[in-house]
Amino acid sequence: MKDYLEKTLRQEVSIKANNSLCDKLPLAFNPRIAAAAGDMQMNRTVGLIAGVIIMVLFTYVISVFVIHQIQRESSVIGALYALGAKKKDLILHYIALPTIISLAGGLAGSALGFGKWGISVQMQDTYNYYSVSALEPVYPLYLIIYAVVMPPVISAIVNYFVINKRLSRTALSLIKNEQKTDFRTGIDLKKMGFLRRFQIRQTLREARTGLTVIFGMVISLMIFMMGINCFVLCENINAETVRDTRYGYMYVLKYPEKTPPANAEACYMESLSKTSYGYTLDVSVIGIDGDNKYYGVIPEKGKSKVTVSASAAQKYGLNKGEKLILTDSANDMDYAFTITDIADYSAGLAVFMDIDSMRELFGREDDYYNMLLSDNALDIPEGRLYSVTARSDIERSSAVFTELMMPMVIMMTVVSIIIFCVVMYLMLNVMIERAAFGISLVKIFGYRTNEVRKLYLNGNTAVVAIGALIAIPVSKLAIDAIYPYAISNVACGMNLHFPWYMYAGIYLGIILIYFAVNGLLTAKLKNISPAEVLKNRE
């Protein structure tokens, strides 16, 4: 009994010392502040990377317009070459406008984001959820450079390589507006009907536009999947926590009585830790009997054998038969365990041991326990307790995550839809402008607007439909791969599984957006008159 009391007192003193130490540590070494700093660093990194990807996408979209302009002005460029104009001067001419547009966009975005209204919107969730006073905005130099300087620089670099290639032709080739022939012109489509053959030829001619649409679709879907993953993860955490919390009350004890109450299950819990992606999280090691009704786990006997919860297995990529290293930071010790099974339990990061084996491992008495689980409230003096947790408290807490993250989910969903709509509209619009001469010509032959739409626009239906079938799983796999890093400081499982109908809904949404854009561009087809043929004759 003396050893038992000494161990319990040492544990209590250690906990109090740790709490006191956290309060007295310098800011740079305080783990609470370090965790918050880690959150900020992670959010900053993810945001900066996403911004660069979006910049590259829109810069590439702009380059498509520049290429279209060069093609239209090919004869003029060739004549300028013949008169002695230098390629570098022409490159500067064509780079100038997209660079200025990118700079203006960066300035406008910075003014909006750094402005009073933008800061208010960004901070609203923090002020609503946390009890903090109004914070003074900070304008770091790196962020100003990123927002104002990066867009025009990326635009200039991307457009330089694109434009330089287009202007590296001879003056005569440019004057004649010669087009290179490739394998696409040799594809045999004679067995197909005229309409299908024309649509395929048009799609092949505009392969660059189609690829840009698919690229924009992938980027948009990655942003969309990031938001939906966040929503699905929060919903799964809530559902799984409620499902796997089978007890009514959990008591963590300072001074357990020698004999546990008859209407409660006695368990033994130790808190160890595991480091992954640079973040250290607590993992609960829970010793239970084989007939414990609250966990539904039957752990094997053995001081080095554990059954890992599904949430811990997802978080750390663990499989049956592998080794698991957990750290006791207080005593500077590592424990190596063999995973004997994966338990269908996801209410927190936990591993389960046979309680007798665990007592032997940690040097406890044969009847030691420090946690009680029960269906109903127990009459335990407060002086013996560290904490009491009711099932209702857990259910209420787990539901908060979805509510807290919903504004971000909505924002990312809206942003991804806007990006996709803009990219698709701009690319299909460029395609129509490039085909203006041909559209005018077929109108002279008596084709109506709906027939012209079938020839020049409907061929893209297959591109979008097939592209969506590829882009949806690719974007999902890509985001699932990087998502563990994005939430590496959150102690939860990684159940990112979507039900099948969500994939079907995403695919249907893409098709509906395409037909909406297609309908808008049909109006533009009406504005192309047969006189366009005469305007373009040289």
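Guide: Rings of Phe, Tyr and Trp count as a pair if their centres lie within 6.5 Å. Keep that cut-off in mind for this predicted model.

Visitor: Which residue lies over the face of Tyr368?
Guide: A charge lies over its face, 4.5 Å from the ring centre, and the residue is Arg364.

Visitor: How far is Lys476 from the ring centre of Phe498?
Guide: A charge counts as over a ring when the Lys NZ is within 6 Å of the ring centre and within 35 degrees of the ring normal. Lys476 lies over the face of Phe498, and the distance is 3.6 Å.

Visitor: How many aromatic pairs does the whole structure hold?
Guide: A pair of aromatic rings is described by the distance of the centres and the angle of the planes. Searching the whole structure gives a count of aromatic pairs of 15.

Visitor: Are the planes of Phe114 and Tyr139 stacked or edge-to-face?
Guide: The ring centres are 5.4 Å apart. Phe114 sits in helix H4, and Tyr139 in the loop between helix H5 and H6, 25 residues apart. Planes over 60 degrees apart count as edge-to-face. These planes stand at 80°, so the pair is edge-to-face.

Visitor: Is Tyr139 buried or partly exposed?
Guide: Buried means under 20% relative accessible area, and exposed means over 50%. Tyr139 has 42%, so the residue is partly exposed.

Visitor: What is the angle between the planes of Tyr295 and Phe352?
Guide: Tyr295 is in the loop between strand S3 and strand S4, Phe352 in strand S7, 57 residues apart. Both residues are buried. Their ring centres are 5.0 Å apart, and the pair is tilted because the planes stand at 55°.

Visitor: What share of the residues in the chain is buried?
Guide: The chain has 17 helices and nine strands. Its accessible surface is about 29,200 Å², with 63% belonging to carbon and sulfur atoms. Of the 538 residues, the buried share is 41%.

Conventions: Residues are numbered from 1 along each chain as its sequence is written. This is a predicted model: local features need pLDDT of at least 70, side-chain atom pairs count only at pLDDT 80 or more; totals for chains, interfaces and linings use all residues. Side-chain values use heavy atoms; hydrogens and water are left out. Helices (H or I, at least four residues) and strands (E, at least two) are DSSP runs, numbered from the N terminus. Buried means under 20% relative accessible area, exposed over 50%, partly exposed in between (1.4 Å probe, protein chains only). Accessible areas come from the Shrake-Rupley method with a 1.4 Å probe; for residues, only the protein chains shown count as cover. Rings of Phe, Tyr and Trp (its six-membered ring) pair if their centres lie within 6.5 Å; planes under 30 degrees apart count as stacked, over 60 as edge-to-face and the rest as tilted.
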